[in-house]
Each structure stands twice: as C-alpha cells, then as structure tokens.
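Here are my notes on the model you sent. Please read them with the structure open.

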Amino acid sequence: MRHLLSAADLSLAEATAVLDLAEEMHQVQSRPVKKLPALRGRTIVNIFFEDSTRTRTSFEIAGKWLSADTINVSAKGSSVSKGESLRDTMMTLDAMGVDCFVIRHSSSGAAAQVAGWVRAQVVNAGDGQHEHPTQALLDAFAMRQHFRRFGSDAFAGRRIAIVGDLLHSRVVRSNVLLQRTLGGEVVLVAPPTLLPTGVDTWGCEVTDDFDAALADADIVMMLRVQRERMTGGFFPTEREYTERFGLTEERLALLKPEAAICHPGPMNRGVEISSAAADAANSLVLDQVSAGVAVRMSVLYHLLGSDEGAMH
Ligand code: CP
C-alpha cells in the first residue's frame with residue numbers, strides 16, 4: 001500500500017503489523033534519548049487546513065523521533081489564504097521533493113484527491129466527516145493494552161460502544177472499519193438526529209438506549225458534540241443531551257468493572273463526558289494520546305521506512 005487514506009485500506013495482517021510495531025515504538029517514549037535513525041533523509045510535510053492539537057503534534061514528534069525532516073504547514077500563513085487552490089498548493093510542495101504528506105482537511109475525500117495529484121505518499125489525518133484512520137489505530141492500540149491487563153488482547157468478542165455525535169464524526173467511521181477487520185463488535189449509540197445517513201448498512205447494532213448499551217460494553221468511546229459542524233437543532237438543549245447521552249458520574253456505576261472509557265479528544269467536559277469519567281482510573285484518554293505517537297511512528301515507518309514494508 002502506497003498511502004493510508006482509510007482504515008479499510010488495512011488488511012488484518014497490515015493492521016496487526018502496525019499495532020505490533022507501535023508496541024516497540026512506544027518504548028522509545030520512556031527513553032532519555034528518543035531518536036531512531038529509521039527515516040533519516042526522508043521529508044514529511046504535515047499540512048493542516050483544520051485545527052489540531054493531538055494529531056499534528058504527535059505526527060511531528062513521530063517524524064522527528066524517526067529522524068525524518070518534518071515541516072508543518074497550515075492554511076493560515078500559506079498561499080492558500082491568498083486564494084491558491086488545494087491542487088496547486090499540494091503540487092507546489094510536491095515539486096520540492098517531499099516524501100510524505102500528512103494532511104487534514106475539512107472536505108471529505110480531500111486526502112484521496114491529493115493522493116491522485118502528488119508523487120509523495122499521503123496519510124489522511126482527518127478529512128471532513130469521512131475518516132481518521134490513525135485515530136482508529138491508536139484507539140485500537142490503547143484498547144488492546146487495556147484488554148491485555150485482563151488476559152487476552154484479542155478483539156473478538158469485545159463490545160465497543162461508540163456514543164454521541166456520530167453524524168459529524170470521522171472517528172466513528174474509521175473505528176467501525178478497523179474493528180470490522182480486527183474482529184471487535186461495535187454498538188452505535190446516538191439520538192436519531194445524530195446518526196449518519198446509511199448507518200444501517202455499516203453492520204453495527206444501533207440504539208438510542210445508552211444505559212442498556214453501557215451495561216455490556218467492554219469499551220465506551222464517547223464522541224465530542226461537534227458544535228462547529230452543526231447548523232441545525234440536533235437536540236433540544238445541551239442539558240437534555242447530557243441527561244440522555246452524556247457519560248455522567250451516575251452512569252459510571254453501570255459500567256462493568258473491567259470496562260474502560262475512551263474519548264478521541266478534544267473533550268467537552270460536562271457535555272458528552274463528565275470530569276469524573278474523563279479522569280476515572282479506567283479512563284484511557286491519556287493512554288490514547290500516548291499511543292498516538294507510537295502508532296504514527298509505526299505508520300510512517302511502514303509507509304516510508306522500507307520498500308518491502310508491510311504497507312507496500
Ligand atoms: N483526536 C484528534 O484528532 O484530535 P486533534 O483534533 O487535536 O488532532
């Protein structure tokens with residue numbers, strides 16, 4: 001595979017290889033000298049047309065720890081703000097000899113379009129409401145580490161409840177696609193107004209009964225209410241949303257003792273997730289962030305590190 005545009009690009013062997021190598025990369029994080037020579041001489045441009053804290057920073061750290069030259073470009077401060085098209089911008093940067101673009105864009109399908117224009121390899125770091133494949137990989141990494149604490153790290157037989165604003169989420173689609181490959185069972189929980197069109201074809205159980213879904217979930221992944229993408233009234237009030245779909249302190253009591261809580265971030269504390277849940281002992285929120293660097297190191301290595309790599 002030349003690019004990573006969708007979680008569906010990964011076979012079981014490829015996804016497992018990324019997760020396994022990420023385990024090794026994760027150890028780099030606790031070393032005093034965090035540097036491997038693997039991507040020396042390679043140039044990675046992180047080009048973000050939408051805001052990001054976790055993804056952009058972790059891709060930059062991942063590239064640097066692998067000794068690649070990493071450059072950050074954002075729409076603000078580039079010639080995009082003077083009206084240059086996405087195609088011209090990408091082809092201009094490509095002509096400089098870039099090896100890999102990590103791109104985030106507000107339009108669904110933008111990363112795939114860029115992959116068709118440039119010679120460099122492309123990683124989708126989030127395209128509109130479509131996909132965020134490295135988020136799903138890092139979620140799987142954090143879940144697998146959690147499952148291992150209770151015995152087997154297999155996904156088969158695990159129930160993963162993904163809850164909240166599914167309509168505007170790229171994280172949910174990538175998680176559903178990746179779990180289809182890894183073997184986890186995804187249950188989607190949302191009010192009918194926040195379900196994506198065609199969700200009935202995703203092969204997942206869909207419900208608006210959060211309490212029932214909580215009782216037998218191994219993982220509860222809360223999704224952010226994406227106010228910035230909302231144009232209409234998707235629920236009456238934030239308070240009512242929280243009452244029905246928020247992981248409140250009271251709802252924590254419904255979780256199985258070995259269940260864990262995930263959130264891709266950024267979190268709206270007090271809306272979809274309470275501070276009691278975000279900071280609970282069984283919250284994987286910071287494990288997900290930490291996994292982000294290791295998983296992105298692994299993805300970059302698989303794409304750029306070896307001509308015979310698992311993702312070629
Ligand atoms: N989860 C995630 O993509 O976060 P950022 O928007 O901060 O990158």
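1. Terms first. A salt bridge here is a side-chain nitrogen of Lys or Arg within 4 Å of a carboxyl oxygen of Asp or Glu. Glu 50 and Arg 170 form one, with their closest N and O atoms 3.0 Å apart. Side chains of opposite charge can pair when their charged atoms come close.

2. Basis of the notes. This is a predicted model, so to speak of local features we need pLDDT of at least 70, side-chain atom pairs count only at pLDDT 80 or more, and totals for chains, interfaces and linings use all residues. Residues are numbered from 1 along each chain as its sequence is written, and side-chain values use heavy atoms, with hydrogens and water left out.

3. Domains. The protein splits into domain 1 (7-131 + 289-304) and domain 2 (133-286); the bounds come from an automatic or database domain assignment. Their centres, taken over C-alpha atoms, are 25 Å apart. Domain 1 brings 32 residues to the contact and domain 2 brings 26 residues. Contact means heavy atoms within 4.5 Å.

4. Interface. About 2,500 Å² is buried between domain 1 and domain 2, and carbon and sulfur atoms give 59% of that area. Buried area is the accessible area (1.4 Å probe) that two parts lose on being put together, summed over both. Between the two domains there are 4 salt bridges. The interface also has 14 residue pairs in polar contact, both residues at pLDDT 80 or more. A polar contact is a pair of N or O atoms within 3.5 Å; within protein, one must be able to donate a hydrogen and the other to accept it, and residues adjacent in sequence count only if both atoms are side-chain atoms.

5. The domain 1 face. Which elements supply at least two residues each to the side that touches domain 2? They are α1 (12-28), α2 (54-65), β3 (100-105), β4 (121-127) and α10 (285-305). The largest share, 8 residues, comes from α1. Helices (H or I, at least four residues) and strands (E, at least two) are DSSP runs, numbered from the N terminus.

6. In one of them, Arg 144 pairs with Glu 23 at 2.8 Å between the closest N and O atoms. Arg 144 sits in helix α5 (residues 133-149) and Glu 23 in helix α1, so the pair ties together parts 121 residues apart in sequence.

7. Ligand. The residues around the ligand (a heavy atom within 4 Å) include Ser 52, Arg 104, Gln 135, Pro 264 and Gly 265. A polar side-chain atom of Ser 52 is 2.6 Å from a ligand oxygen atom. Gln 135 places a polar side-chain atom 3.0 Å from a ligand nitrogen atom. For Pro 264, a backbone N or O atom lies 2.9 Å from a nitrogen atom of the ligand.

8. Backbone checks. Gly 265 and Pro 266 are joined by a cis peptide bond, with omega about -10°. Pro 266 is in the loop between β9 (260-262) and α9 (275-278).
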